[in-house]
Amino acid sequence: MKEFTENDCIRTIKRTMGVNIKGKTIIVNKDNHAAGLATWKKIDYLVKTCGYSQIFGSNVENNGDVKEEREERRKRLTKQEKNEQKEKFKVKLAKLNFKKI
């Protein structure tokens, strides 16, 4: 069986939609079913051994902001924006005339 650590469990739980950690309280959204068996194992570990408490909430504000930021970063660029970015990094080299060398 895998050994859990508090920091690893918190990091994993924060990535799960519908679960939020504030202080020593784990708030689980009862309408969102994103938490699977592995997440529940980690929540149980934190509750039983690390002194956390767990409550169910109806509207948990979670990582929605983080998800929106990720989507903005992945936003597709138009061809014109891509060309503008390429132009920034283009370096023009001097042409060499090999006949003179």
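Mentor: Ground rules before we start: the model is predicted, local features need pLDDT of at least 70, side-chain atom pairs count only at pLDDT 80 or more, and totals for chains, interfaces and linings use all residues. Residues are numbered from 1 along each chain as its sequence is written, and side-chain values use heavy atoms, with hydrogens and water left out.

Trainee: Okay, what makes up the secondary structure of the protein?

Mentor: Four helices and three strands. Helices (H or I, at least four residues) and strands (E, at least two) are DSSP runs, numbered from the N terminus. Along the sequence the pattern reads α-β-β-α-β-α-α.

Trainee: Why is the pair of glutamate 6 and lysine 24 called a salt bridge?

Mentor: The term asks for a side-chain nitrogen of Lys or Arg within 4 Å of a carboxyl oxygen of Asp or Glu. The closest N and O atoms of glutamate 6 and lysine 24 are 3.9 Å apart, so the pair meets the cut-off.

Trainee: And what parts does that pair tie together?

Mentor: Glutamate 6 lies in helix 1 (residues 6-15), while lysine 24 is in the loop between strand 1 (19-22) and strand 2 (25-29), so the bridge ties together parts that are 18 residues apart in sequence.

Trainee: How many salt bridges does the structure hold?

Mentor: Three. Another joins arginine 11 to aspartate 8, with the closest N and O atoms 3.2 Å apart. Arginine 11 and aspartate 8 both sit in helix 1, three residues apart, about one turn of the helix. Then there's lysine 90 with glutamate 87, at 3.4 Å between the closest N and O atoms.

Trainee: How do you know whether lysine 90 is buried or exposed?

Mentor: Set the value against the cut-offs: buried is under 20% relative accessible area, exposed is over 50%, and partly exposed is in between (1.4 Å probe, protein chains only). Lysine 90 has 55%, so it's exposed.

Trainee: What about glutamate 6, lysine 24 and aspartate 8: what do they count as?

Mentor: Glutamate 6 has 28% relative accessibility, so it counts as partly exposed. Lysine 24, at 43%, counts as partly exposed, and so does aspartate 8, at 39%.

Trainee: Which residues make the contact between helix 1 and helix 2?

Mentor: Contact means heavy atoms within 4.5 Å. Helix 1 gives Glu6, Cys9, Ile10, Thr12 and Ile13, and helix 2 gives Thr39, Lys42, Ile43, Tyr45 and Leu46.

Trainee: What makes threonine 39 buried?

Mentor: Its relative accessible area is 10%, which is under 20%, so threonine 39 is buried. Leaving out residues up to four places away in sequence, threonine 39 touches Ile13 and Thr16.
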